[in-house]
Amino acid sequence: MTDATPAVPDESLSIRDNRTGEEYTVPIVDGAIRAADLGKIGKTEDEPGLVSYDPGFTNTASTRSSVTFIDGEKGILEYRGYPIEQLAEHSNYLEVAYLLINGELPTKEQYDAWEHEITFHTFVHENIKSLMQGFRYDAHPMGMLLSGVGGLSTFYPEARNISDPEVRHLQIVRMIAKMPTLGAWAFRHAQGKPYVYPDNDLSYAENFLAMLFKMSEPKFEADPRLAKALEILFILHADHEQNASANAVRSVGSTQVDPYSSLSAGIAALYGPLHGGANEAVLRMLRRIGDVSNVPAFIEGVKAGDERLMGFGHRVYKNYDPRATIIKKACDDVFEVTGVNPLLKIAVELEKIALEDEYFVKRKLYPNVDFYSGLIYEALQFPPEMFTVLFAIPRTAGWLAQWVELVDDKEQKIARPKQIYTGGRQLTFTPREQRWA
Ligand SMILES: CC(C)(COP(=O)(O)OP(=O)(O)OC[C@H]1O[C@@H](n2cnc3c(N)ncnc32)[C@H](O)[C@@H]1OP(=O)(O)O)[C@@H](O)C(=O)NCCC(=O)NCCS
């Protein structure tokens, strides 16, 4: 946009292209400039305009979103404007899922209908069971979940009709309902135990626990403290704005593929150790430290740059991750049932020392959600490979909320970034026979 008028609007950015001396004024809306406005800078018939280079999208907004708000400096996390602390204390996962996806808390009628629908879509087609059973005995449960969700798209071909709100709603219900079934079956598979069918008399968390742990008893009764702790963990993991997996769901969803396929892209992203694997690394670290007396030496090693204190620091939070505070409290309830995980003492000591230490204070390194969650999962007898599955199940609500927002957003286009080409040009191809002669 060329600055032809003398009065430059306050909410704008003036840019002078020193290559040409040309000046541009770019509007600032909601603290952002449009990358497309940069494209007008320096554009000629022969040259493309300016692009911004941002590997990993560290300073690029890909969407407008009203799903989740994070203020990393202040340690604030809100779903649809409601603070995570209030939701964790007073709500349950299904209500939070409804809130995330629909934008508002449900009325009693809406909640009852939602709970009923989810509860009665927990079963999966028997052929999906055969698909799961076809995996090797030692298959990673996350790989099984990924394939299971991808496979569901073939059972519901109508799902590709993403512009029909009723069709969309049904797939959303199916996905939230079936994820615990697939996750629990992946867990049972690794143990060589028979898969347990859903029990529609139970709540979302109780049913999941039953599918995980039921043996020969006619009715599995989960300890209410464990079911409650699981609800809390599910609420805390339900969404986290434009993280890597949400971005994967949106990117794949922008092709207008069905939501099962979009969601499996999110699961694939979460499978990566940089995204969903940190709590496992925390456990490994705590085991290696072994005893509270070894904590000071370990901290010295971290400060000397030998390694990182896993479960500390966050790309967004430069303050205490609000989810870590809530999880720490949930630890007490779980350990009351399961007995205290001996690694907890080491974790508490690490946190105490790190929070007082200049190295961590100066770098704004605080415990993140993964610092304590692994301890709870281990106390609940989950092997580390299940940790990401336990993350993927609740994150389904967030992925779907992000997906619905994408589908309804008139501004969204197929995700197709630019590149800065660094390869050769106009080379002459020599056929193999001549090259290899
Ligand atoms: C999460 C994480 C990747 C965020 O990284 P980031 O925002 O890119 O921060 P940086 O890697 O640039 O680190 C900034 C500084 O803090 C230090 N730092 C960051 N996390 C640290 C940690 N966990 N332990 C020790 N030092 C750490 C870095 O060494 C760097 O120090 P320097 O300025 O002296 O070089 C990083 O904090 C980390 O690796 N944490 C441990 C893994 C983890 O818990 N991941 C789960 C996240 S939910």
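This is a predicted model: local features need pLDDT of at least 70, side-chain atom pairs count only at pLDDT 80 or more; totals for chains, interfaces and linings use all residues.
## Helices and the model

A helix here is a DSSP run of H or I that is at least four residues long, and helices are numbered from the N terminus. By this rule, aspartate 370 lies in helix α18, which covers residues 370–379.

## The annotated active site

In an unreviewed entry, UniProt lists His314 and Asp370 under "active site". These residues are spread over 57 residues of sequence, yet they cluster in space, with a largest C-alpha distance of 10.3 Å. Whereas aspartate 370 belongs to helix α18, histidine 314 is placed in the loop between α14 (295–303) and α15 (322–338).

Are these residues buried or exposed? Histidine 314 has 22 other C-beta atoms within 10 Å, and because 20 or more count as buried, this residue is buried. Aspartate 370 is likewise buried, with 25 other C-beta atoms within 10 Å. When neighbours within four places in sequence are left aside, histidine 314 is in contact with Asp321 and Asn368, while aspartate 370, with its own such neighbours left aside, is in contact with Ala278, Asn279, Val282 and Gly311.

## Helix α7 against helix α19

Two packed helices are described by the angle between their axes and the distance between the axes. For helix α7 (residues 165–191) and helix α19 (residues 387–408), the angle is about 170 degrees and the axes are 9 Å apart. Because angles over 145 degrees count as roughly antiparallel, α7 and α19 are roughly antiparallel to each other. The crossing in which α7 passes α19 is right-handed.

Which residues of α7 and α19 meet? From α7 come Arg168, Ile172, Met175, Ile176, Met179, Pro180, Gly183 and Ala186, and these meet Val389, Ile393, Thr396, Ala397, Leu400 and Val404 in α19. Sorted by class, this contact of α7 with α19 has eleven nonpolar, two polar and one charged residues.

## Helix α10 against helix α19

Helix α19 also packs with helix α10 (residues 244–253), where the axes come within 9 Å and cross at roughly 40 degrees. That angle makes α10 oblique to α19, and α10 passes α19 in a right-handed crossing.

On the α10 side, the contact is made by Ser245, Ala246, Val249, Arg250 and Gly253, and on the α19 side by Arg395, Gly398, Trp399, Gln402, Trp403, Leu406 and Val407. By class, the contact of α10 with α19 has six nonpolar, four polar and two charged residues.

## Loop residues with a positive phi

Lysine 364, although it is not a glycine, has a positive phi of about 55 degrees. This lysine lies in the loop between α17 (358–362) and α18, the helix that holds aspartate 370.

Glutamine 381 is not a glycine either, and has a positive phi of about 70 degrees. The place of glutamine 381 is in the loop between α18 and α19. With 10 other C-beta atoms within 10 Å, glutamine 381 is exposed.

Key: Residues are numbered from 1 along each chain as its sequence is written. UniProt positions are given in the numbering used here, feature names are shortened, and annotations may be inferred rather than shown by experiment. Helices (H or I, at least four residues) and strands (E, at least two) are DSSP runs, numbered from the N terminus. A residue is buried if 20 or more other C-beta atoms lie within 10 Å of its own, exposed if 12 or fewer, and partly exposed in between; C-beta atoms are placed from the backbone. Two residues are in contact if their C-beta atoms, placed from the backbone, lie within 7 Å. Axes are lines fitted to C-alpha atoms, for helices over the stretch in contact, and angles run from 0 to 180 degrees between N-to-C directions. Angles under 35 degrees count as roughly parallel, over 145 as roughly antiparallel, 65 to 115 as roughly perpendicular and the rest as oblique. A crossing is left-handed if the near helix is turned anticlockwise from the far one by less than a right angle, and right-handed if clockwise. Ala, Val, Leu, Ile, Met, Phe, Trp, Tyr, Cys and Pro count as nonpolar, Asp, Glu, Lys and Arg as charged, and the others, Gly among them, as polar.
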